Amino acid sequence: MAWLYAEYIADELLRTGRLIPASTLEFRAGRDTLALTIYLSDAAGELSGIRVVSQLDEWLSLTAYGHPWRDWVHTRFLALGEEARERDDCADPDLELARAAWRWLDSTELFATNLDPGRPDDDHTDIAPGLDENARVWTPAWQLGLPLGHLAMHLF
């Protein structure tokens with residue numbers, strides 16, 4: 001239930017922000033990235049309605065630009081996997097759903113605006129750095145989902 005609740009919270013945050021239509025892959029990237037952040041940051045395993053508001057600051061810092069989110073995800077998966085082994089619960093359904101979401105986020109690339117103009121893509125190496133909304137690159141889904149989730153929380 002913990003994964004489904006994290007996914008529900010993420011879905012509500014993104015829908016409230018009305019940043020993108022819910023039927024898009026970009027929405028899914030934002031929802032899954034935010035759900036992973038919520039699920040993996042819940043160290044006590046007790047997501048509750050009251051704690052959601054109190055944890056927004058933590059989620060904002062985890063999704064902030066420059067935070068090593070991908071490394072943090074790997075570290076949390078290792079810790080949760082170890083905890084599951086200690087409990088003799090290697091088939092934790094919440095953890096498996098979270099891992100499936102991570103596999104999709106890490107292996108799926110979306111064609112989106114280049115959010116990192118300091119790192120030019122192969123097609124535009126001669127363009128000076130700066131945000132050009134027309135410059136699009138293939139981006140891992142989680143890299144697109146992070147700023148969407150972060151902005152949705154600010155709009156909440």
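Predicted model: local features only at pLDDT ≥ 70, side-chain atom pairs only at ≥ 80, totals over all residues.
Me: Which parts of the chain does the W3 and Y39 pair link?

Reply: Distant ones: W3 sits in helix α1 and Y39 in helix α2, 36 residues apart.

Me: Are W3 and Y39 buried or exposed?

Reply: W3 has 3% relative accessibility, so it counts as buried. Y39 is buried too, because its relative accessible area is 9%, and the cut-off for buried is under 20%.

Me: Why is the pair of F111 and W138 called tilted?

Reply: Look at the angle again. Their planes sit at 45 degrees, with ring centres 5.0 Å apart, so the pair is tilted. F111 belongs to strand β1 and W138 to strand β2 (residues 136-140), so this pair ties together parts 27 residues apart in sequence. As for accessibility, F111 is partly exposed at 38%, whereas W138 counts as exposed at 57%.

Me: Which residues form an aromatic cluster?

Reply: W69, W102 and W142 form one. There's also a charge over a ring: R28 lies over the face of W104, 3.9 Å from the ring centre.

Me: Now the core. Which members touch the most other members?

Reply: The general idea is that nonpolar side chains in soluble globular proteins tend to be buried together. Here the largest nonpolar core has 36 residues, and L36, Y39, L40, W69, F77, W102 and L105 touch the most other members. Elements giving two or more residues to this core include α1 (2-17), α3 (49-63), β1 (109-113) and α6 (141-155). The largest share, seven residues, comes from α2.

Me: What does F77 touch?

Reply: Leaving out residues up to four places away in sequence, F77 touches L36, L40, L95, A98, R99 and W102.

Me: What span should α6 have, and which of its residues are buried?

Reply: Go by 1.5 Å a residue: the 15 residues of α6 should span 21 Å, and the end C-alpha atoms are 21 Å apart, so the two agree. For facing, remember that an α-helix has 3.6 residues a turn, so residues three or four places apart point the same way. The buried residues of α6 are A141, W142, L144, G145, L146, L148, G149, H150, A152 and M153.

Notes. Residues numbered from 1 in each chain as written. Heavy atoms only, no water. Core = buried A, V, L, I, M, F, W, Y, C linked by side-chain atoms within 4.5 Å. Buried < 20%, exposed > 50% of the residue type's maximum accessible area, 1.4 Å probe, protein only. Helix = DSSP H or I, 4+ residues; strand = E, 2+ residues; numbered from the N terminus. Contact = heavy atoms within 4.5 Å. Phe/Tyr/Trp six-rings, centres within 6.5 Å; stacked < 30°, edge-to-face > 60°. Lys NZ or Arg CZ within 6 Å of the ring centre and 35° of its normal. Expected span 1.5 Å × (residues − 1).
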